[in-house]
Amino acid sequence: MHTNRVQVGGPRTINLFESFRQAAGGQGIELQTLASYLGSSSHLKAMALALRRHPDLPTALLETRTQQRWSTLERYVATLPPVVRQLGRVLMHGLGDSVVAVEYPVYWPGLSRDGRFVYSRIDCITRADNGSLELWEWKTRWGASQLHEERPSMRDLRQTVLYAYLLAIQTGIRVDRFHIRYAGVGSDGHITQTTHTYRFQPRE
């Protein structure tokens, strides 16, 4: 395992989740909903950055292919709070032209609900300089007590390994490495990014 931690430069920002919790308290469901909105919106900003650079990237959000849908996505992203847009940029930091897929669907074999397949989405897939593919899982950890700077949580590690397995089963594509990238706003108002990198070495 390799870990890289970076404190992102720039002015301090406001952690909307903590501000709401400290000012209003909020019921549990309200805090969970806010955390979900902030997290998914950060992912959406990162996805929009990738698709803006390469509009033909494979993605689960196929409706963005139309100009109308793309314009709607761009307008929505523009309305997001500054801290969310900044986190989206931090999640995509350093990936640039290496991205080959974003929000890519992986299906659970044999599992369906109401006649529809159940699937999850891989946040990002990149191609390394040597041509191998690498999988990325992004975590913004709104409301979490820690950003897992030393090592990822076991739950996040298992999730990412499972996605790598599902991708191999579904497509025959085996990634060489996978990364779990945490990004969040610290108590000092600065954004911190921590990336944990592993080699994917499944038993044959």
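Visitor: How many helices and strands does the secondary structure of the protein chain come to?

Guide: The protein chain has five helices and six strands. Helices (H or I, at least four residues) and strands (E, at least two) are DSSP runs, numbered from the N terminus. Their order from the N terminus is β-α-α-α-α-β-β-β-α-β-β. Please note that this is a predicted model, in which local features need pLDDT of at least 70 and side-chain atom pairs count only at pLDDT 80 or more, while totals for chains, interfaces and linings use all residues. Residues are numbered from 1 along each chain as its sequence is written, and side-chain values use heavy atoms, with hydrogens and water left out.

Visitor: What share of the residues of the protein chain counts as buried?

Guide: A residue is buried at under 20% relative accessible area, exposed at over 50%, and partly exposed in between (1.4 Å probe, protein chains only). Of the 204 residues here, 44% count as buried.

Visitor: Which residues of helix 4 are buried?

Guide: They are V83, V84, Q86, L87, G88, V90, L91 and M92. Helix 4 is largely enclosed by the rest of the structure, because eight of its 11 residues are buried. After helix 4 comes G94, with a positive phi near 85°.

Visitor: With which residues is M92 in contact, leaving aside its neighbours within four places in sequence?

Guide: Contact means heavy atoms within 4.5 Å. On that basis M92 is in contact with A46, L49, A50, V99, W138 and R181.

Visitor: Which residues of the largest nonpolar core touch the most other members?

Guide: A nonpolar core is a set of buried Ala, Val, Leu, Ile, Met, Phe, Trp, Tyr and Cys residues joined through side-chain atoms within 4.5 Å. The largest one holds 31 residues, of which L73, M92, L95, V99, W138 and W142 touch the most other members. Two or more residues come from each of helix 2 (28–53), helix 3 (67–78), helix 4 (82–92), strand 2, strand 4 (133–139) and strand 5. Helix 2 gives the most to this core, namely nine residues. Another core, of 17 residues, lies apart from it and includes I125, L157, V175 and F200.

Visitor: How many aromatic pairs does the structure hold?

Guide: A pair of aromatic rings is described by the distance of the centres and the angle of the planes. Rings of Phe, Tyr and Trp (its six-membered ring) pair if their centres lie within 6.5 Å; planes under 30 degrees apart count as stacked, over 60 as edge-to-face and the rest as tilted. The structure holds three such pairs. In one of them, Y165 and F200 have ring centres 5.3 Å apart and planes at 80°, so this pair is edge-to-face. Y165 lies in helix 5 (residues 154–171) and F200 in the segment after strand 6 (191–199), so the pair ties together parts that are 35 residues apart in sequence.

Visitor: Are Y165 and F200 buried or partly exposed?

Guide: Y165 is partly exposed, at 36% relative accessible area, whereas F200 is buried, at 6% relative accessibility.

Visitor: What kind of pair do F178 and Y198 form?

Guide: The rings of F178 and Y198 have centres 5.3 Å apart and planes at 15°, so the pair is stacked. F178 belongs to strand 5 (residues 177–185) and Y198 to strand 6, 20 residues apart, and the pair thus links distant parts of the chain. Both residues are buried. Ring pairs link Y165, F178, Y198 and F200 into a cluster.
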